[in-house]
Each structure stands twice: as structure tokens, then as C-alpha cells.
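Here is a friendly walk through one model, strand by strand. Please keep the structure open while you read.

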Amino acid sequence: MAGLPLPGEPAPRFTLTNQYGETVSSGGLTGQAAALIFFPFAFSRVCSDEMTALQANSSLFSSNGVRLLAVSADHRYALRAWADSLGLQFDLLSDFWPHGAAAREFGAFDELTGHAGRLTFFISTDGTVASVVRSAPGESRSMADYARSLQALASA
């Protein structure tokens, strides 16, 4: 497992499938900033609350030129059903197989529980990590922390 990439370091490369079966890769983000949001489980209470809050505040990200990409080890079919049930309109990426490979590359995979932790990596247009937002197990990441990271990304 890789260590947690720090601000200023290159973000690990990834290629994953979204809830519609489309391939999304880090190579396709060239020149675009992204928030790569690792989360444990679709259909769980805290994750559902977080994704609903992100959808409600998606204009905050888009107005700053940041693409939302949420990642879990759930299968893409489960992610599609969950996105439809919550009305999520951003990409949910499946890190299903090899199980948690992308999360491992980002140092976000919990080997004991078999899922990603709550870590968000803001990736700048040059492919480096700009900042990291995290929260403890069972706790949502705050929109205030996201807003601070967006502000820092904009001023970088």
C-alpha cells in the first residue's frame, strides 16, 4: 500500500469505471482540477448524508472549476442505484476490482475493514495534490473544510 500523498506531490494515477460504465482516468483530467472523494459504502447513513451535501453544494465546486469524483469499493451497479436514489449527478467511481486498488494507491484503504476511509484529495490542474480533507470514521467531512480547500486551490 502506498503512503498518503502530501500537498505538492504528484497524485497517483487511476483508471476507474463510473456508475454508468464509463471509464474515468486521471489522464483524462489533464488541465482540470478535481476533488477525489474516497468514501466507505454506498447506502450507508453518513456516506448518503455526505453525498447529498456535495450534490447540494456542487455549484461551489463547478464555479471553481473542480470536478467531483467520489470513489468507493462498491460495484458500479450498486453505485448507479444509490446515485439514482439520491439524485446524485456527479461521477461515482467503482474501485471494486482489484478491490480498493485506487484507494490503496492514495493511502486511503483500511485493510482491516476492507473499505476506503473518508479522505478527499484536491488535485490541481497540474496533477499534484493541493490539499487533503479527512474525517474520523463515522463522521462527515465538513463543507467548511471543502470551502477552505477550494479557496486554497483557487489561490495556488
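In this predicted model, strand β1 (residues 15–18) runs antiparallel to β5, and 2 bridges join them. Within that pairing, Asn18 has Leu93 of β5 as its bridge partner. Strand β5 also pairs with β4 (residues 66–72), this time in the parallel sense and over 4 bridges. Here the bridge partner of Ser72 is Ser94 in β5. To get from β4 to β5, the chain passes through helix α3 (residues 76–86), and this β-α-β crossover is right-handed.

Let us step back to the sheet itself. It is an open sheet of 7 strands with mixed pairing, in the order β2-β1-β5-β4-β3-β8-β9. Its edge strands, β2 (23–25) and β9 (129–134), each pair on one side only. Neighbouring strands are turned by 30° against each other on average, direction ignored.

The pairings described in this report can be set side by side:

| Strand pair | Sense | Bridges |
|---|---|---|
| β1 (residues 15–18) and β5 | antiparallel | 2 bridges |
| β4 (residues 66–72) and β5 | parallel | 4 bridges |
| β3 (residues 33–38) and β8 (residues 119–123) | antiparallel | 5 bridges |

Why does Ser94 count as buried? Its relative accessible area is 11%, and buried means under 20%, so Ser94 falls within the buried class.

What does the side chain of Ser94 reach? It comes to 3.4 Å from the backbone nitrogen of Phe96. A polar atom of the Ser94 side chain also lies 2.7 Å from the backbone oxygen of Asp74. Leaving aside neighbours within four places in sequence, Ser94 is in contact with Leu16, Thr17, Ser72, Asp74, His75, Arg76 and Leu79.

Finally, have a look at Ala103, placed in helix α4 (residues 101–105). With a relative accessibility of 1%, Ala103 counts as buried, because the limit is under 20%. Not counting residues up to four places away in sequence, Ala103 touches Phe38, Asp95, Ala108, Phe109 and Ala116. Ala103 and Ser44 are 59 residues apart in sequence, and their C-alpha atoms are 18 Å apart in space.

Note on methods. Residues are numbered from 1 along each chain as its sequence is written. This is a predicted model: local features need pLDDT of at least 70, side-chain atom pairs count only at pLDDT 80 or more; totals for chains, interfaces and linings use all residues. Side-chain values use heavy atoms; hydrogens and water are left out. Two strands pair if DSSP finds at least two bridges between them. Axes are lines fitted to C-alpha atoms, for helices over the stretch in contact, and angles run from 0 to 180 degrees between N-to-C directions. Buried means under 20% relative accessible area, exposed over 50%, partly exposed in between (1.4 Å probe, protein chains only). A polar contact is a pair of N or O atoms within 3.5 Å; within protein, one must be able to donate a hydrogen and the other to accept it, and residues adjacent in sequence count only if both atoms are side-chain atoms. Contact means heavy atoms within 4.5 Å. A crossover is right-handed if, with the strands pointing away from the viewer, the path from the first strand over the helix to the second runs clockwise.
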